[in-house]
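Work through the exercises below with the sequence and the 3D view open. Each task is followed by a solution in steps.

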Amino acid sequence: MLAVNKSKMKQVQKELGFTNDGWAKKLGLTKTSLEAIKNNKERTFTLKHVLIAQDLSGHPIQDFFI
């Protein structure tokens with residue numbers, strides 16, 4: 001199974017200039033949920049989150065998976 005590349009998601013957030021709060025809102029998450037995903041190996045971004053990040057950044061979807 002493919003896993004979401006969390007470091008790529010973090011890189012895209014930084015490229016687009018979003019704070020954690022702003023990035024969470026763009027992805028449809030709360031700031032707390034975003035922090036939990038970033039800091040917990042058991043939690044991950046969903047395909048919905050990846051598609052939003054792809055649309056905002058223009059990066060190909062395969063860049064978001066390991």
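**Exercise 1. A histidine and its contacts**

Leaving aside its neighbours within four places in sequence, which residues is His 49 in contact with? State also where His 49 sits and whether it is buried or exposed.

Solution. 

Step 1. The model is a predicted one. In it, His 49 belongs to helix α4, a helix that covers residues 47–57.

Step 2. With neighbours up to four places away in sequence set aside, the contacts of His 49 are Met 9, Leu 27 and Leu 29.

Step 3. The relative accessibility of His 49 is 7%. Buried means under 20%, so His 49 counts as buried.

Step 4. A polar atom of the His 49 side chain also lies 2.9 Å from the backbone nitrogen of Thr 46.

**Exercise 2. A methionine in helix α1**

Find the helix that holds Met 9, decide whether Met 9 is buried or exposed, and list its contacts beyond four places in sequence.

Solution. 

Step 1. Met 9 is part of helix α1, which runs over residues 6–16.

Step 2. Its relative accessibility is 1%, and Met 9 therefore counts as buried.

Step 3. Beyond four places in sequence, Met 9 is in contact with Val 4, Trp 23, Leu 27, Phe 45, His 49, Val 50, Ala 53 and Phe 64.

Step 4. One of these, Val 50, is 41 residues from Met 9 in sequence, while the two C-alpha atoms are 7.9 Å apart in space.

**Exercise 3. How α1 meets α2 and α4**

Describe the crossing of α1 with α2 and the crossing of α1 with α4, and name the residues that make each contact.

Solution. 

Step 1. Two numbers are needed, because two packed helices are described by the angle between their axes and the distance between the axes.

Step 2. For α1 and α2 (residues 20–27), the axes come within 11 Å and the crossing angle is roughly 110°. The two helices are therefore roughly perpendicular to each other. Their crossing is right-handed.

Step 3. On the α1 side this contact is made by Met 9, Val 12, Gln 13 and Leu 16, and on the α2 side by Asn 20, Trp 23 and Leu 27. Sorted by class, the contact of α1 with α2 has five nonpolar residues, two polar and no charged ones.

Step 4. For α1 and α4, the axes come within 11 Å and cross at roughly 35°. This crossing is left-handed.

Step 5. Here α1 contributes Met 9, Val 12 and Leu 16, and α4 contributes His 49, Val 50, Ala 53, Leu 56 and Ser 57. The classes in the contact of α1 with α4 are six nonpolar, two polar and no charged residues.

**Exercise 4. How α2 meets α3**

At roughly what angle do the axes of α2 and α3 cross, and how do the residues of the contact divide by class?

Solution. 

Step 1. Helix α3 spans residues 31–39, and its axis and that of α2 come within 8 Å, crossing at roughly 95°. That makes α2 roughly perpendicular to α3.

Step 2. From α2, the residues Asn 20, Asp 21, Trp 23, Ala 24 and Leu 27 meet Lys 31, Leu 34, Glu 35 and Lys 38 of α3.

Step 3. By class these are four nonpolar, one polar and four charged residues.

Definitions and conventions. Residues numbered from 1 in each chain as written. Predicted model: local features only at pLDDT ≥ 70, side-chain atom pairs only at ≥ 80, totals over all residues. Heavy atoms only, no water. Axes fitted to C-alpha atoms, helices over the stretch in contact; angles between N-to-C directions. Helix = DSSP H or I, 4+ residues; strand = E, 2+ residues; numbered from the N terminus. Parallel < 35°, antiparallel > 145°, perpendicular 65-115°, else oblique. Left-handed = near helix turned anticlockwise from the far one by under 90°. Contact = heavy atoms within 4.5 Å. Nonpolar A, V, L, I, M, F, W, Y, C, P; charged D, E, K, R; others polar. Buried < 20%, exposed > 50% of the residue type's maximum accessible area, 1.4 Å probe, protein only. Polar contact = N/O pair within 3.5 Å; in protein donor to acceptor, adjacent residues only side chain to side chain.
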